[in-house]
Amino acid sequence: MSKLLLRNHAPDPAGRVHHVTPESAGWSCIGFDLYRLEEGMTVSGEDADRETCLVFVAGRGAAMAGDREWAELGDRMSPFEDKRPYAIYLPQGTPWRVRATTALELAVCTAPGLNGGLPVRLIRPEDVGASVRGQGSNTRHVFDILPESQPADSLLVVEVITPAGNWSSYPPHKHDSDDGTAETQLEETYYHRIDPPQGFAFQRVYTDDRSLDEAMAVENGDLVMVPRGYHPVGAAHGYTGYYLNVMAGPRRAWHFNTAPEHRWLLAPV
């Protein structure tokens, strides 16, 4: 099995399913944890050197972040409900705690806190930008949770819904070198969900010289790490795909480079 693919599995006693650190991934920036909590379970954290974005993927919970508290957050029980998520941004050194008030799927996204000083911020569904990218079988629906237009030190966080049979992160593009406004160097994780859950999607991660070239069948709840290279996703016929993207790198901007041989796909129809 690919070292870039982390399979879905039963939660550990704390409710954690996935645990990615810069050390475990062999890169510099991104940390990612995915929790599936039963009602009444609590998870907490604090990192002196890293900023955090908590994403309520599905379900509801009470939350505390620094000196702020919310009795209940979360407005969807599935990421396929066509509702934008709740999220919380926390600067480095901020303690947080979430208690599940229903079954709760919680993503904990972290990256280096470079400057600090930003406030804790509740990101409500109405604060999340929605857009449609592509056309035809390349159409997908995007929710910008923490885009570069909103304050943070390193993190970029986005959700994407790929309709059944469609492609996403396509035409193949990469962001693994620093080249001004042409391209930025960003690591990336993809947390995948599939509807109905017995389905699957495909993701390929590859470089121009094919020194990295891996194609993976991803199932509901799997996680793919993209350290470099192109990384297109295809959803199988009959199965809608969802993924939560976390990106971070030396410079907080999303500039990507489409594979030269596939740029003809960008031409107006």
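Let me start with a question: is arginine 210 buried, partly exposed or exposed? Arginine 210 is partly exposed, with a relative accessible area of 39%. On the terms: buried means under 20% relative accessible area, exposed means over 50%, and partly exposed lies in between, using a 1.4 Å probe and protein chains only.

Now the ground rules. This is a predicted model, where local features need pLDDT of at least 70, side-chain atom pairs count only at pLDDT 80 or more, and totals for chains, interfaces and linings use all residues. Residues are numbered from 1 along each chain as its sequence is written, and side-chain values use heavy atoms, with hydrogens and water left out.

Back to arginine 210. Its phi is near 60 degrees, a positive value in a residue other than glycine. Arginine 210 sits in the loop between S18 and strand S19 (213-219). Strands here are DSSP runs of E, at least two residues long, numbered from the N terminus.

Serine 169 also has a positive phi, about 50 degrees, although it is not a glycine. You'll find serine 169 in the loop between S15 and S16. Serine 169 is buried, with a relative accessible area of 5%.

Proline 171 lies between strand S15 (167-168) and strand S16 (173-174). The peptide bond joining tyrosine 170 and proline 171 is cis, with omega about 0 degrees. There is also a cis bond from aspartate 195 to proline 196, with omega near -5 degrees. Proline 196 is in the loop between strand S17 (187-195) and strand S18 (200-206).

Next, the sheets. Four strands make an open sheet, ordered S4-S9-S6-S7, with antiparallel pairing. Its edges are strand S4 (42-45) and strand S7 (68-73), each pairing on one side only. From one strand to the next, the twist averages 10 degrees. That angle comes from axes, which are lines fitted to C-alpha atoms, taken between N-to-C directions on a scale from 0 to 180 degrees. To count as paired, two strands need at least two bridges found by DSSP. S4 and strand S9 (residues 96-100) have four bridges, in the antiparallel sense. There, valine 43 stands opposite valine 98 in S9.

Now strand S5 (residues 50-58). How many of its nine residues are buried? Nine of the nine are, so S5 is largely enclosed by the rest of the structure. S5 runs antiparallel to S10, and eight bridges join them. Phenylalanine 56 has leucine 106 in S10 as its bridge partner. S5 also pairs with strand S8 (residues 87-90), antiparallel, over four bridges. In that pairing, leucine 54 is opposite isoleucine 88 in S8.

Look at threonine 110. It belongs to strand S10 (residues 104-112). Threonine 110 is buried, at 13% relative accessible area. Its side chain makes a polar contact with the side chain of arginine 50, at 3.1 Å. A polar contact is a pair of N or O atoms within 3.5 Å; within protein, one must be able to donate a hydrogen and the other to accept it, and residues adjacent in sequence count only if both atoms are side-chain atoms. Leaving aside neighbours within four places in sequence, threonine 110 is in contact (heavy atoms within 4.5 Å) with residues including Cys29, Glu51 and Leu155.

On to the packing. A nonpolar core is a set of buried Ala, Val, Leu, Ile, Met, Phe, Trp, Tyr and Cys residues joined through side-chain atoms within 4.5 Å. The largest one has 32 residues, and Phe32, Cys53, Val55, Ile145 and Leu244 touch the most other members. Strand S22 (residues 240-248) gives the largest share of this core, four residues. A second, separate core has 19 residues, among them Tyr35, Phe56, Ala63 and Leu90.

Isoleucine 145 touches Cys53, Val55 and Leu244, among others, not counting residues up to four places away in sequence.

Last, the cysteines. How many disulfides does a search of the whole structure find? Zero, where a disulfide is a pair of cysteine sulfur atoms within 2.5 Å. Cysteine 53 is buried, at 0% relative accessible area. Cysteine 109 is buried too, at 0%.
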